[in-house]
Amino acid sequence: MSAMDRTATPTTAPIGESREPGRFGSVARRATDALARIRPEVWVLIAVSALLNLWAIDQNGWANEYYSAAVRSMSESWHNFLYGSFDAAGVMTVDKPPLALWVQALSVRVFGFSSAAILVPQALMGVASAVLVYDLTRRFFGRLAGSVAGFVFALTPITVAIFRHNNPDALLVLLSVAALWFVVRGFEDGRTRWLLLASLMVGLGFETKMGAALLLLPGLALAWFWVAPGGNRMRAFLQLLAAGGVALAAALAWPVFVSLTPAASRPWISGTADNSIWSLIMDYNGVGRVAGQAGGPGGMGGSGGMGSVFGGGTGFFRLLGASLGGQIGWLVGLAVAGLGLVAAQTRMHRDDPRTGWLIATGGVFLTIAVVFSFASGIFHPYYVAQLAPFVAALCGAAVAALVSIKGNLRPLAIPAVAMAVVAEIVVMHNTDAGYGWLVPILIAVGVAAAVVLTRAEEQRLRTFAAIGLAAALMIVSAIWSVQTLGHATSGTFPAGGPESQSMGGPGGGPGGAGGPGGTGGAPGGMGSSGQSFPTPPSGMSLPSGMSPPSGMALPGLNGSGQSGSSTGSSGLPGGMPGGTGSSPGGFGGGPGGMGGEDLSAAIATAEANGGGNIAVSGQQSAAGSVIQGSGDSDVNVVALGGFSGRESEVDVGWLAGRVADGDVRWVLTDGSGGGVPADGRTGSSELMAAVSEVCEPVEMESGSTGSDSASSTSAATANPTSGSDSSDSNLIYDCAGKASALAAQ
């Protein structure tokens, strides 16, 4: 096959050459030789990817404070590390498996707790992923295709955003790419070890984001069985059985460990009503994500309300829509065209080496694309980062196919080019990107490319035409990727592109506007603390009669759900003078979006009355305090209701046990992030009601460091389902000695 590049220097020494095992000089020589074999375009790809992922990364502060808080807790205790505890007291886990957080926590243990220690490993995962995308495409389609694939991936807006952030998706993307790379290697020699390594990556992906990793299995397994590299299909079937065992062992290692631990000896499993890791896997992070679940878009006003937070309406063209198109959709048309062109060229013959590659890459692409297009549960736009490497690889294959297309297949270049151009124009229209001037240029380039590719015989002209088409299609995607560097990629919902695409808006880190360590006291946006959103995106409004939950100010809405914006003071993330990210921020600021609320009065009250841990409803509300840490105090902040306060339905008996053990003494029953009241979940509301009946009310210290009473009163008003009303807004409940009474409830 002319397009294939088989000229790479072998990595093993010729037979008979002394390797001098164990000697440093031999190892250094081999490493030097390996570096010398790296192609120039790979070095450029590494430089571009590293620049995009690392430039001004300190402006992102703690990014998603929910995970940064967990990393701090996990880095300070091996018990918390093993179970993925959100809080330092080990009361409740985060709602994801801990592998991605383990990487960050180990980095923090080595380099100290800072923004850089958390985010730099994520950025390096992006560089590694880009190189793997290049290589897995180059192996079957040549260096040009590999280069296109690598740069398409590096310049996809959502990949830039996700690798500058601390969500688990960065590791999930790397493991997904690695799984495909190992399968592609296995196609070359048929060795079982490559398939086993690929299945290990899938298993580790499950330990990163559970069911999302399983989307790789159909495409990879079908490709291996269809091609049956190195033998017959019975051998391939046995190899797949062995690989399945490896994947199962890797995927279930941590869940089994957790399930075998007595419930009293570990944190509550966040996101569940029965404290079972299997419920988290099957329900909250499983079938519910696809089939619909409480807390999804149906419970938040649908696409007309919070739809953009959940990826917009479902359907075949969701990936090109307003919410997802700007993040991933720019080159989806070219990717689909590439899939069709390579299928036509290979006719899916087993003896064509491209067939296995196409089934694996295209199969994973189609599986993820279909699931993401129709997922009606809790689905956020940044999830499409997992799709990005497969889109990029197919784009590389598309360029190679257009260059090499021959004979009666040449007319296929016309619909392929048309599909790529039209899809991009649709995304530009849906996202209102402001690049209308580019439309006639894209059409002109598309027409010219189609003419050359269907008529020209000279290889050089065809190559220029294919490269020109790909370059034109990448213009807006590249602009959006660079624009991602101009604002904080922080909060719960990272997004690439201009600042208007960010759910959090400006600010974002510790000490940002209104967050912990900041000076503003007004509610912020939906991202991390104190972020503002000057212009609400299209379709972003609250359903009639719905107010935003406590501690959550929707983008472009003030604390009452009305149009308006709020800002706090700007500046470098707190605790990171000069952008060094050396320490967490302080406690100033009021409630800041989903980044948390001011708990300084509650902490002061607990300290003045003998200490003890304070429980609030939502983990995100507690995140700023957990990041801050207890310092010399013996007061830690924990949460009882899951991420927003509504995901975990903890029973009163379990809380009674925690009170008896001394893990919880104080409970703040209001102003604690109760989620959206219309989504049907009770969360911690019943628990808080029991506390208010049994435990002793104590008036909180006043005049500490924030406008506590005002903050709490506003929060209670915005959260009508909390366990107490606004008359309790300045009260905290002391549950010391009340374990038996709580158990009786």
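Contact here means heavy atoms within 4.5 Å. The model shown is predicted.

View 1. Buried residues make up 60% of the 745 residues in the protein. Contacts between residues at least 6 apart in sequence were sorted by separation, and 76% of them join residues at least 24 apart.

**View 2. Helix H16 is mostly covered.** The helix runs over residues 332-346. Of its 15 residues, 11 are buried. They are Val332, Gly333, Leu334, Ala335, Ala337, Gly338, Leu339, Leu341, Val342, Gln345 and Thr346. These buried residues pack against six helices: H6 (115-141), H15 (325-328), H17 (353-374), H18 (388-404), H19 (413-431) and H21 (459-473). The length of H16 agrees with expectation, because 15 residues at 1.5 Å a residue should span 21 Å and the end C-alpha atoms are 21 Å apart. Just after H16, arginine 347 takes a positive phi of about 55 degrees.

**View 3. Five strands make an open, mixed sheet.** The strand order is S2-S1-S3-S5-S4. Strand S2 (637-639) and strand S4 (696-699) stand at the edges. Each has a single partner strand, so one side of each is left without a neighbour in the sheet. Helix H23 (residues 600-608) packs on the sheet and touches strand S1 (614-616), S2, S3, S4 and S5. The direction of H23 makes about 150 degrees with that of S1. Helix H24 (residues 619-628) also packs on the sheet, touching S1 and S2. The direction of H24 makes about 160 degrees with that of S2.

**View 4. Strand S5 pairs with S3 and with S4.** Strand S3 (residues 666-667) and strand S5 (residues 731-734) are antiparallel and share two bridges. Tryptophan 666 has aspartate 734 of S5 as its bridge partner. S4 and S5 also run antiparallel, joined by four bridges. Here valine 698 stands opposite isoleucine 732 in S5. Leu731 and Tyr733 point one way from S5, while Ile732 and Asp734 point the other way. All four of these side chains belong to buried residues.

**View 5. Helix H26 packs beside the sheet strands S1, S3, S4 and S5.** The buried residues of H26 (685-694) are Ser685, Leu687, Met688, Ala690, Val691 and Val694. Besides those strands, the buried residues pack against helices H25 and H28.

**View 6. Cysteine 695 and cysteine 735 form a disulfide.** The count for the structure comes to one disulfide. The two sulfur atoms lie 2.1 Å apart, inside the 2.5 Å cut-off. The torsion about the S-S bond is about 105 degrees, so the disulfide is right-handed. The bond links distant parts of the chain, 40 residues apart. Cysteine 695 sits in the loop between helix H26 (685-694) and S4. Cysteine 735 sits in the loop between S5 and helix H28 (739-744). Cysteine 695 has 4% relative accessibility and therefore counts as buried. Cysteine 735, at 0% relative accessibility, counts as buried too. Elsewhere in the chain, cysteine 395 is buried, also at 0% relative accessibility.

View 7. A search of the whole structure finds 20 aromatic pairs. Tyrosine 66 lies in helix H3 (residues 65-75). Phenylalanine 643 lies in the loop between S2 and helix H25 (652-661). The pair therefore ties together parts that are 577 residues apart in sequence. Tyrosine 66 and phenylalanine 643 are both buried. Tyr66 and Phe643 also belong to one aromatic cluster with Tyr67 and Phe86.

**View 8. Phenylalanine 81 and tryptophan 102 form a stacked pair.** The centre-to-centre distance is 5.4 Å, with 15 degrees between the planes. Phenylalanine 81 lies in helix H4 (residues 78-83) and tryptophan 102 in helix H5 (residues 99-111), so the pair ties together parts that are 21 residues apart in sequence. Phenylalanine 81 has 9% relative accessibility and so counts as buried, under the 20% limit.

Methods. Residues are numbered from 1 along each chain as its sequence is written. This is a predicted model: local features need pLDDT of at least 70, side-chain atom pairs count only at pLDDT 80 or more; totals for chains, interfaces and linings use all residues. Side-chain values use heavy atoms; hydrogens and water are left out. Two strands pair if DSSP finds at least two bridges between them. Axes are lines fitted to C-alpha atoms, for helices over the stretch in contact, and angles run from 0 to 180 degrees between N-to-C directions. The expected span of a helix is 1.5 Å times one less than its number of residues. Buried means under 20% relative accessible area, exposed over 50%, partly exposed in between (1.4 Å probe, protein chains only). Rings of Phe, Tyr and Trp (its six-membered ring) pair if their centres lie within 6.5 Å; planes under 30 degrees apart count as stacked, over 60 as edge-to-face and the rest as tilted.
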